[in-house]
Amino acid sequence: MRATAERFETSFLAQMLKPMFEGLDTDGPFGGGEAEGTWRSFLIDAMAEQTVRAGGIGLADTVVAEMVRMQTEQTQELPR
C-alpha cells in the first residue's frame with residue numbers, strides 16, 4: 001500500500017510542478033535549448049520522486065490511511 005501511495009504522491013507532485021516550468025525559456029546562456037524542452041518532463045518526474053523520498057508533502061500518508069480505512073470497512077462487511 002505504501003509503495004502505491006508514494007507513486008500516487010509522485011504523480012500528483014509532477015502534475016503540480018509542470019506549470020512552474022511551462023513559461024521558462026530554454027534559450028540564453030543558461031538554457032538547455034531544445035534538449036531541455038525534450039527532457040523537461042523527465043526532470044520534473046525526478047524532482048517529484050526525490051521530493052517523495054525526502055518525506056513528501058504528506059499525501060502518501062493520507063492515502064495509506066484511507067486505503068487502510070477502506071480495507072477495514074470491507075473486511076467488516078464480509079458475512080461470517
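This is a short walk through the structure, from overall form to single residues.

The model is predicted, so local features need pLDDT of at least 70 and side-chain atom pairs count only at pLDDT 80 or more, while totals for chains, interfaces and linings use all residues. Residues are numbered from 1 along each chain as its sequence is written, and side-chain values use heavy atoms, with hydrogens and water left out.

Start with the fold. The protein has three helices and zero strands. Helices (H or I, at least four residues) and strands (E, at least two) are DSSP runs, numbered from the N terminus. Along the sequence the pattern reads α-α-α. The radius of gyration is 18 Å, well over the 12 Å that the globule rule gives for 80 residues, so the protein is more spread out than a compact globule. That radius is taken over C-alpha atoms, and the rule is 2.2 Å times the number of residues to the power 0.38. Along the principal axes, the C-alpha atoms fill a box of roughly 70 × 20 × 15 Å.

A contact means heavy atoms within 4.5 Å. Among contacts in the protein with a separation of 6 or more, 83% join residues 24 or more positions apart. Of the 80 residues, 19% count as buried. Buried means under 20% relative accessible area, exposed over 50%, and partly exposed in between (1.4 Å probe, protein chains only).

Which residues make up the largest nonpolar core? There are seven: L13, A14, L17, F21, I44, A48 and V52. Such a core is a set of buried Ala, Val, Leu, Ile, Met, Phe, Trp, Tyr and Cys residues joined through side-chain atoms within 4.5 Å. Helices α1 (2-22) and α2 (33-53) each give two or more residues to this core. The largest share, four residues, comes from α1. In soluble globular proteins, nonpolar side chains tend to be buried together.

Leaving aside neighbours within four places in sequence, A14 is in contact with I44, D45 and A48. T10 lies in helix α1. Why does T10 count as buried? Because its relative accessibility is 18%. Not counting residues up to four places away in sequence, T10 touches D45, A48, E49 and V52.

Finish at helix α3 (residues 59-77), which holds V68. At 39% relative accessibility, V68 counts as partly exposed. V68 and M1 are 67 residues apart in sequence, yet 8.5 Å apart in space, C-alpha to C-alpha.
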